[in-house]
Amino acid sequence: MADSKSTVGEVRVAPDRLHAFTMAICRADGSSEAEARLVADHLVLANLYGHDSHGVGMMPAYIQNTTTGRCIRNHHAKIIKDNGAVVVIDGGVGYGQVVAKETMDIGIERAKKHGVCVIGLTNAHHIGRIGHWAEQCARAGMVSTHWVNVHGHKSLVAPFGGAEPRYSTNPYCTAVPRKGKEPIVLDFATSQVAMGKVRVANNKQIQMEPGLLIDAAGVDTTEPGVMYNPPYGAILPFGLHKGGGLAVICDLLAGALTGGKTHSPATIREGTDIVNNMLSIIIDPAAMGGTQAFEDEVETFITWVKSAKPRPGVPEVLAPGEPERARRIDREKNGVPIDGTTWQQLLDVARKVRLNDTEIPGVAA
Ligand code: NAD
């Protein structure tokens, strides 16, 4: 994205202040202390990792949804089907940051017991950055893979070859733990860009790169406004027919297989609803080739991959997950950049939940 064209400016906020501010908004809206902390932990970490699309800029939509009952505060994951190693959870449109964490807690415990757990989380409010859940599994020594679909709002992403949208940004994620090191985390939307990145560009009033969006006629455009103003355009799938196919599989596994819902006319609504379903497969390496052999082989392969000579202009071959950690080091030191529009929206939502002005920290540097 061509940031240099932004006309709305930005503020830099220290991560701990941003965390305190996000928690205060959640608490004032009626969330428990524990829920507010989980939401703030998740959103601020997404910002630190550079995924501003899934950071604190989501708060206005979250508070809009708690206000309309489309996100239920202080709600917990409920097991609705239990076959030991195969479990289905109803998220009851509770905060995704709560019900997905609880789902992973159950999945990890079952995977330790059975060697594997296939767990479906259905009907959760937005579960945010999927890497967050894979990292929870990796901290417990588990390999995990996650297919996610999204419904409750209008279609955003065109199927491969289509001129109009039929589903949403359907993220896919796999994480592999490493001994004494941060995990390998591959985590992406199956669309060319996550919708939140279009929101950020629209807020910054900047054009996007070519090849990401089409207008209502199916013609390439760089204007993020096509996703906000009728006649609506669409985001293209990544990776041509391969990415388009993976997005379809995400909806089928996360939406249909789990007993949740796919993105279809039956689940499309107007407004800011964000419902996620997720199929997760959590595997204990000890139950397969053995932990030691697995750890050794992971190191052998990643070392080999990273030893490739970089292409001209590329400083270093990185493993999935490394770009996020580099951004975190930078942002912990220099603060989280937040565009002026998003910052104003956060101040507005803080006032909406009646945080008084002394509680709205003057954190902009
Ligand atoms: P992205 O295009 O930035 O890709 C990120 C992935 O690519 C990461 O695994 C990263 O480590 C890896 N990567 C990036 N550059 C790399 C490099 N040079 N070398 C090696 N690996 C590299 O991600 P995105 O598609 O914009 O998605 C952003 C976030 O949005 C994700 O966390 C995703 O889970 C989330 N998301 C959530 C939803 C939802 O409904 N909850 C929907 C869509 C996306």
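Guide: On a 1 Å grid over the protein atoms alone, a cavity is a set of points where a 1.4 Å probe fits but cannot get out, while a pocket is an open set with protein on both sides within 12 Å along at least five of seven lines; lining residues have an atom within 4 Å of a point. Grid points are joined across faces, edges and corners, and a volume is the space filled by probe spheres set on the points. This is a predicted model, in which local features need pLDDT of at least 70, side-chain atom pairs count only at pLDDT 80 or more, and totals for chains, interfaces and linings use all residues. Residues are numbered from 1 along each chain as its sequence is written, and side-chain values use heavy atoms, with hydrogens and water left out.

Visitor: What volume does the largest cavity have?
Guide: A search of the whole structure finds one cavity of 30 Å³ or more. Its lining includes Tyr49, His51, Arg129 and Glu135. The volume of the largest cavity is about 60 Å³.

Visitor: Which elements give two or more residues to the lining of the largest cavity?
Guide: Elements here are DSSP runs numbered from the N terminus: helices (H or I, at least four residues) and strands (E, at least two). Among the lining residues of the largest cavity are Val185, Asp187, Glu324 and Arg325. The elements that supply two or more residues to this lining are β7 and α9.

Visitor: Which element gives the largest share of the shell around the ligand?
Guide: The ligand is surrounded by 22 residues, and Arg129, Asp187, Lys197, Gly321 and Glu324 are the closest. At least two shell residues come from each of β7 (181-189) and α9 (322-334). With five residues, the largest share belongs to β7.

Visitor: How much of the ligand's exposed area does the protein bury?
Guide: Polar contacts here are pairs of N or O atoms within 3.5 Å. A polar side-chain atom of Lys197 lies 2.6 Å from an oxygen atom of the ligand, and one of Asn276 lies 3.0 Å from a ligand oxygen. By the Shrake-Rupley method with a 1.4 Å probe, the ligand taken alone exposes 860 Å², and the share buried by the protein is 79%.

Visitor: Which pocket corresponds to the space taken by the ligand?
Guide: A molecule sits in a pocket if more than half of its atoms lie within 2 Å of the pocket's grid points. The pocket in question holds about 1100 Å³ of space, and 48 residues line it, with Met58, Met195, Gly196, Arg199 and Ile274 nearest its centre. The space taken by the ligand is the largest pocket.

Visitor: Which element gives the most to the lining of the second largest pocket?
Guide: The second largest pocket has a volume of about 370 Å³. Of its 20 lining residues, Gly50, Asp52, Val200, Lys204 and Arg331 are the closest to its centre. At least two lining residues come from each of α6, α9 and β12 (336-339). The most, four residues, come from α6.

Visitor: Where is Pro231 placed?
Guide: The peptide bond from Pro230 to Pro231 is cis, with omega near 0 degrees. Pro231 lies in the loop between β9 (220-221) and β10 (234-235).

Conventions
Near = heavy atom within 4 Å. Polar contact = N/O pair within 3.5 Å; in protein donor to acceptor, adjacent residues only side chain to side chain.
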